[in-house]
Amino acid sequence: MPVWLEAGLWGLVAGGALVLGALVAWFVRVPQKVVAGVMAFGAGVLISALAFDLVDEAERTGGLAATAAGFLGGAVAYVAANVVLARHGARHRKRSGDQQPRAEDDAGSGAAIAVGALLDGVPESVVLGLSLLGGGGVGVPVLAAVAISNLPEGLSSAAGMRRSGRRAGYVFGVWGGIALASGVAAALGALLLQGASGAVVAVITAVAAGAILAMVADTMIPEAFERTHLYAGLLATVGFLLSFTIERL
């Protein structure tokens with residue numbers, strides 16, 4: 001199987017966790033504290049994968065200066081795009097409560113939420129595609145981190161969408177589209193960078209990692225802390241430790 005096709009399939013699998021989370025939130029009334037707890041756990045998993053798989057590998061391959069520049073650049077690009085989307089109604093796109101605007105109150109918020117969800121998912125998918133370029137198969141810790149974090153993202157955001165009056169067609173259209181886009185982004189990441197130098201791959205990996213960390217801080221941690229408060233740190237620590245253990249094993 002071509003590397004780019006394998007990357008696309010893994011990206012689709014990881015993105016499918018968003019759809020699974022949305023399905024659970026739509027048909028089962030999951031307590032908001034449970035959703036937030038899983039979100040805190042997923043944030044810890046992602047942070048561990050960033051530290052021990054993405055940034056560390058990028059620094060060893062491309063050097064500290066290139067990694068630092070890419071990492072900071074990715075975070076700046078994400079935050080800039082997020083600021084624009086927040087002004088159009090997507091600020092609370094991953095909140096499970098009543099924070100999301102209703103469609104009748106803000107006509108442009110639906111599109112902004114969809115674009116925001118795409119902005120959150122693409123860097124993770126690109127990293128999945130890049131993890132296959134070394135020839136050793138998909139990076140298991142990264143795949144686990146993305147899938148585990150996507151499940152509560154889908155849960156929380158879909159719950160918030162439902163509470164704001166969004167229809168099922170919109171909710172599942174958004175998450176189904178993001179899952180497909182995740183597969184495409186992973187495939188393109190592997191296809192376009194196959195044969196690229198280690199330094200180039202390292203910089204792109206660092207850019208994606210910076211964007212992911214900014215996403216965790218801007219959208220996942222606020223939801224986690226709002227509902228779990230003092231337990232958010234412990235749950236994130238458990239998630240971090242699990243991801244670290246997977247990486248070492």
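Helices (H or I, at least four residues) and strands (E, at least two) are taken as DSSP runs and numbered from the N terminus. Residue numbers start from 1 along each chain as its sequence is written. What you see is a predicted model, where local features need pLDDT of at least 70 and side-chain atom pairs count only at pLDDT 80 or more, while totals for chains, interfaces and linings use all residues, and side-chain values use heavy atoms, with hydrogens and water left out.

**Helix H5**

Let's start with H5, which covers residues 140-163. Its 24 residues reach 35 Å from first C-alpha to last, close to the 34 Å expected; that expectation is 1.5 Å times one less than the number of residues. Of the 24 residues, 17 are buried, so H5 is mostly covered (buried means under 20% relative accessible area, exposed over 50%, partly exposed in between, with a 1.4 Å probe and protein chains only). After H5 comes Gly165, with a positive phi near 95°.

Searching the whole structure turns up two salt bridges, each defined as a side-chain nitrogen of Lys or Arg within 4 Å of a carboxyl oxygen of Asp or Glu. Here they are:

| Pair | N to O distance | Separation in H2 |
|---|---|---|
| Arg60 and Asp56 | 3.2 Å | four residues |
| Glu57 and Arg60 | 3.0 Å | three residues |

Together, Asp56, Glu57 and Arg60 are linked in a network. Both Arg60 and Asp56 lie in helix H2 (residues 32-62), about one turn of the helix apart, and Glu57 and Arg60 are likewise about one turn of the helix apart. An α-helix has 3.6 residues a turn, so residues three or four places apart point the same way. As for accessibility, Arg60 counts as exposed because its value is 54%. Asp56, at 32%, counts as partly exposed, and so does Glu57, at 37%.

**Confidence**

The protein chain averages a pLDDT of 82, and 88% of the residues score at least 70; pLDDT is the predictor's confidence in each residue, from 0 to 100. Over residues 103-110 pLDDT stays under 50, and the model has 13 contacts for them beyond four places in sequence (contact means heavy atoms within 4.5 Å). Where pLDDT is low, the predicted coordinates should not be read in detail.
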